[in-house]
Amino acid sequence: MNLEYKNVWVFLERRREEIIESSLEVLGKARELADKYGDKVAGVLMGAGNLDKLAETAITYGADIVYTIQDDVLQDYSTIPYSEALSRMIIRYKPNIILYPATRNGRDLAGRVSAKLNLGLSANTVWLDIVGDGVLLAGVPGFGGGIMAVTKCLTKPQMATVRPGVFPKPQPNPTRTGRIERIDVGKLPEPQVKTIERVFYTVEDISKAEAIVIAGMGIRENIEAVKKLAEKLNWAFGATRPLSDEGLVPRDIFVGATGKTVRPKIALIVGASGAAHFISGVAGAEKIISINIDPEAPIHSYSDYSIVGDAYKIIPKLLEKLEAEAK
Ligand SMILES: Cc1cc2nc3c(=O)[nH]c(=O)nc-3n(C[C@H](O)[C@H](O)[C@H](O)COP(=O)(O)OP(=O)(O)OC[C@H]3O[C@@H](n4cnc5c(N)ncnc54)[C@H](O)[C@@H]3O)c2cc1C
């Protein structure tokens, strides 16, 4: 084993004073990879207050060591202080691998660290494996998921962002033991963004919906109209994954193999092609109605009723009709 670079690190992203689910998923995968070549897993946790409780949680999910960096400038995620703190840690400890959840913050941090330290980064990976003495192979989907390229970083630490929802969250083991190390990385730069107010939203659980309207990329520019239609019908609102990946809808409402599984009595699917990864999340619907401009789109073969037409015209018309009926 190359002793100069060791351990598999995971960026433990926090939200509302909890470690987010996708970091725990990555932690589970990191455990599997490290076990394969006999290495340790270390979590990196940054924040302002005492982080010991969260660090203990990370240990129950598979970390052997949790490095905590406590500084007021790390209260909320911010690119400059977070990337500076992590870069200093990397230079000091030389990890073999660093995995980040491919969330907005995880992708931002990984990209910044990659540029700062001139390191390779496999982005948005959906498959990971180890060969030899800790060489990371990372699968990156391309062409809308049609192919998967297996990539390898030529620099160390090897880094990858991992798509949320791809790997299962491990079962916590409360009897696991590990080490928490508080690290002083020196004075950090101030964040360039200040939080004025925190607004939390709650999202309904679409998996229990009896009726749902689902928006796809074909109506990307007018998701609001689809949402409004769902409201008017009093149906749940869901989406395909690309809309969530682009940050246009919350992650909790995308349907599919890596998102929510819905089993409604009726699903209206607007502007979605019917990709296999999406269909597996909606296949349990009793009736599917789809709207798609392309008569050859695969979604039609899964639909009980198909409307071949422009959703940008059809949805406003449906809304008009519902509004007229309500008067
Ligand atoms: C490992 C992995 C996991 C994945 N997991 C999921 C998952 O859980 N859920 C998921 O959704 N995807 C998932 N994907 C992505 C999936 O493969 C597809 O890329 C995705 O479902 C496509 O989304 P879409 O149908 O909205 O977009 P597109 O495939 O781009 O389809 C858009 C559709 O809109 C139609 N359209 C365009 N303009 C209009 C218009 N004006 N009116 C009406 N129709 C129009 C087009 O004809 C087209 O059929 C995954 C991929 C991978 C690799």
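**Close-up views of the sheet and its surroundings**

**View 1. Strand β6 and its partner β1.** In β6, I98 is the bridge partner of W9, where strands (DSSP runs of E, at least two residues) and helices (DSSP runs of H or I, at least four residues) are numbered from the N terminus. Strand β1 (residues 8–12) runs parallel to strand β6 (residues 97–101), and three bridges join the two; strands are taken as paired if DSSP finds at least two bridges between them. The model is predicted, and local features need pLDDT of at least 70, side-chain atom pairs count only at pLDDT 80 or more, and totals for chains, interfaces and linings use all residues. Residues are numbered from 1 along each chain as its sequence is written.

**View 2. Strand β6 and its partner β11.** Five bridges pair β6 with β11 in the parallel sense, and L99 stands opposite A160 in β11. Five of the five residues of β6 are buried, so this strand is largely enclosed by the rest of the structure; buried means that 20 or more other C-beta atoms, placed from the backbone, lie within 10 Å of a residue's own, exposed that 12 or fewer do, and partly exposed covers the range in between. From β6, I97, L99 and P101 point one way, whereas I98 and Y100 point the other way.

**View 3. The open sheet.** Seven strands with parallel pairing form an open sheet in the order β7-β11-β6-β1-β4-β5-β12. Because β7 (121–125) and β12 (179–182) stand at the edges with a single partner strand each, one side of each is left without a neighbour in the sheet. From one strand to the next, the twist averages 20°.

**View 4. Helices on the sheet.** Helix α3 (residues 79–93) lies across β4 (41–47) and β5 (65–70) and runs at about 145° to β4, with axes fitted as lines to C-alpha atoms, for helices over the stretch in contact, and angles between N-to-C directions running from 0 to 180 degrees. Helix α4 (residues 104–117) packs on the sheet, where it touches β1, β6, β7 and β11 (158–162), and its direction makes about 160° with that of β11.

**View 5. The surroundings of L137.** L137 is found in strand β9 (residues 135–142) and counts as partly exposed, with 18 C-beta neighbours inside 10 Å. Leaving aside neighbours within four places in sequence, L137 is in contact with D129, V131, V150 and K152, contact meaning that the C-beta atoms, placed from the backbone, lie within 7 Å. The C-alpha atoms of L137 and W127, which are ten residues apart along the chain, are separated by 8.2 Å.

Notes: Two residues are in contact if their C-beta atoms, placed from the backbone, lie within 7 Å.
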